[in-house]
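Trainee: I would like a close look at a single part of this model, with the values spelled out. Please keep to one connected account.

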Amino acid sequence: MKNLGIDKLILQIQADLEIINKNFSIIPSVQRVKLLRDIKYVFLDNIAKEIKFAFYDPKNKANIFRQYIYKSNGETQNLGNMYLIEKAKNIAFDVFIEFTDTFLGLDTKFQNLLLKNTEYEWYV
């Protein structure tokens, strides 16, 4: 587990996204830029306490092959094995946000207003 400042955390996320795309060609560069903007925004505005990139079995979501975890306090973790992804017959990739208690304590209308500042749709 590493512990990075927010700027270094964003650089680490960017590097990991580039590696993911190099290996699997799933996130074109325009979408990576948008995703990085969203991630930086939700971390800096105290909306997210954790972001996860996960490769998993879409038929059994508990079967996670690999995940990258980034926390607002700068901690990062990489769990799982890239080999499992290459051997899997069915695989899905997704990005998940674990919201802060502060954000979850806001009125739903205000939550939606804050999330309208993102490029992608994030669900509470």
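Mentor: What follows is an account of helix 2 and some of its surroundings. This is a predicted model, in which local features need pLDDT of at least 70 and side-chain atom pairs count only at pLDDT 80 or more, while totals for chains, interfaces and linings use all residues. Residues are numbered from 1 along each chain as its sequence is written, and side-chain values use heavy atoms, leaving out hydrogens and water.

Helices (H or I, at least four residues) and strands (E, at least two) are DSSP runs numbered from the N terminus. Helix 2 covers residues 29-44; at 1.5 Å a residue its 16 residues should span 22 Å, and its end C-alpha atoms are 22 Å apart, which agrees. The expected span is 1.5 Å times one less than the number of residues.

Its buried residues (under 20% relative accessible area, 1.4 Å probe, protein chains only) are Arg-32, Leu-35, Leu-36, Asp-38, Ile-39, Tyr-41, Val-42 and Phe-43. They pack against helix 1, strand 2 (48-57), strand 3, strand 5 (92-99) and helix 5 (108-115), where contact means heavy atoms within 4.5 Å. After helix 2 comes Asn-46, with a positive phi near 55°.

Ser-25, which follows helix 1, has a positive phi near 50°.

Another partner, strand 3 (residues 60-71), pairs with strand 4 (residues 75-80) in the antiparallel sense over 5 bridges; pairing requires at least two DSSP bridges. Tyr-68 has Asn-78 of strand 4 as its bridge partner. In this hairpin 3 residues lie between the strands, and Gly-74 takes a positive phi near 95°.

Definitions and conventions. Buried < 20%, exposed > 50% of the residue type's maximum accessible area, 1.4 Å probe, protein only.
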